[in-house]
Amino acid sequence: MSTAYEGSTPGFLVWRLSMKWRVAVDRAVAPLGLTHAQYSLLASLYGLEYSGVQPTQRQLADQTGLEALYVSKLARASESAGLVERTKDPADSRAVRLALTGEGREVVQRAIQVVRELHGRMLAPLGGLDGARTKALARELTALLDVSLDIIEE
């Protein structure tokens with residue numbers, strides 16, 4: 001195990017790992033014409049559509065953890081690239097629903113495979129994608145993500 005980060009706080013380590021992860025995904029999906037943020041948007045949209053949901057931009061922002069304004073910007077760019085269709089929600093004139101186009105579905109399916117292979121390599125020290133240590137890490141990270149920011153702000 002590396003001693004380069006010995007004594008670092010957990011917050012710093014999470015930040016460094018998230019930056020490393022983001023850069024790695026950016027590089028992996030760049031040949032498909034995507035950034036990590038675009039990939040996150042499209043892969044989340046793909047997953048929601050697969051489960052039978054045509055999400056609003058707001059729902060996708062909640063799902064990805066991206067700011068709603070940024071999701072709107074990414075959705076517009078993805079629409080211009082022919083990957084996403086944006087339609088007004090008939091029940092709420094302020095809401096915009098998103099759907100992948102055929103081309104968008106093809107691109108995101110390829111991107112998901114590329115990112116899955118990358119994650120397998122990155123998680124190899126913990127036993128790979130299905131390793132017991134990877135599953136334990138996912139549980140620990142989920143516990144941290146579940147912490148209310150209201151507690152932190154007090």
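Q: Is Arg94 buried or exposed?
A: This is a predicted model, in which local features need pLDDT of at least 70, side-chain atom pairs count only at pLDDT 80 or more, and totals for chains, interfaces and linings use all residues. Residues are numbered from 1 along each chain as its sequence is written, and side-chain values use heavy atoms, with hydrogens and water left out. Buried means under 20% relative accessible area, exposed over 50%, and partly exposed in between (1.4 Å probe, protein chains only). Arg94 has a relative accessible area of 71%, so Arg94 is exposed.

Q: Is Asp89 buried or exposed?
A: Asp89 forms a salt bridge with Arg97, and their closest N and O atoms are 2.9 Å apart. Arg97 counts as partly exposed because its relative accessibility is 22%. Asp89 has a relative accessible area of 9%, so Asp89 is buried.

Q: How far apart are the closest N and O atoms of Arg86 and Glu79?
A: Glu79 has a relative accessible area of 34%, so Glu79 is partly exposed. Glu79 and Arg86 form a salt bridge in which the closest N and O atoms are separated by 3.5 Å.

Q: How many salt bridges does the count come to?
A: Side chains of opposite charge can pair when their charged atoms come close. By the rule for salt bridges, the count comes to six.

Q: How many helices and strands does the protein chain have?
A: Helices (H or I, at least four residues) and strands (E, at least two) are DSSP runs, numbered from the N terminus. Read along the sequence, the pattern of the protein chain is α-α-α-α-β-β-α-α-α. The secondary structure of the protein chain therefore comes to seven helices and two strands.

Q: What percentage of the residues of the protein chain count as buried?
A: Along its principal axes, the C-alpha trace of the protein chain spans about 55 × 45 × 25 Å. The protein chain has 154 residues, and the share that counts as buried is 29%.

Q: Where in the chain does Pro55 lie?
A: Pro55 counts as buried, because its relative accessibility is 1%. From Pro55 to His119, 64 residues apart along the chain, the C-alpha atoms are separated by 26 Å. As for its place in the chain, Pro55 lies in the loop between helix 2 and helix 3 (57–64).

Q: What is the C-alpha distance between Gln57 and Arg133?
A: Gln57 lies in helix 3. Its relative accessible area is 11%, so Gln57 is buried. Gln57 and Arg133 are 76 residues apart in sequence, and their C-alpha atoms are apart in space by 34 Å.

Q: Is Ser72 buried or exposed?
A: Ser72 lies in helix 4, which covers residues 68–80. Its C-alpha atom is separated by 23 Å from that of Pro31, 41 residues apart along the chain. At 12% relative accessibility, Ser72 falls in the class that is called buried.

Q: Which helix holds Leu141?
A: Leu141 has a relative accessible area of 37%, so Leu141 is partly exposed. Lys88 is 53 residues from Leu141 in sequence, with 35 Å between the two C-alpha atoms. Leu141 lies in helix 6.

Q: What is the relative accessible area of Leu13?
A: Leu13 is found in helix 1, which runs over residues 10–29. Leu13 is partly exposed, because its relative accessible area is 35%.

Notes:
Salt bridge = Lys/Arg side-chain N within 4 Å of Asp/Glu carboxyl O.
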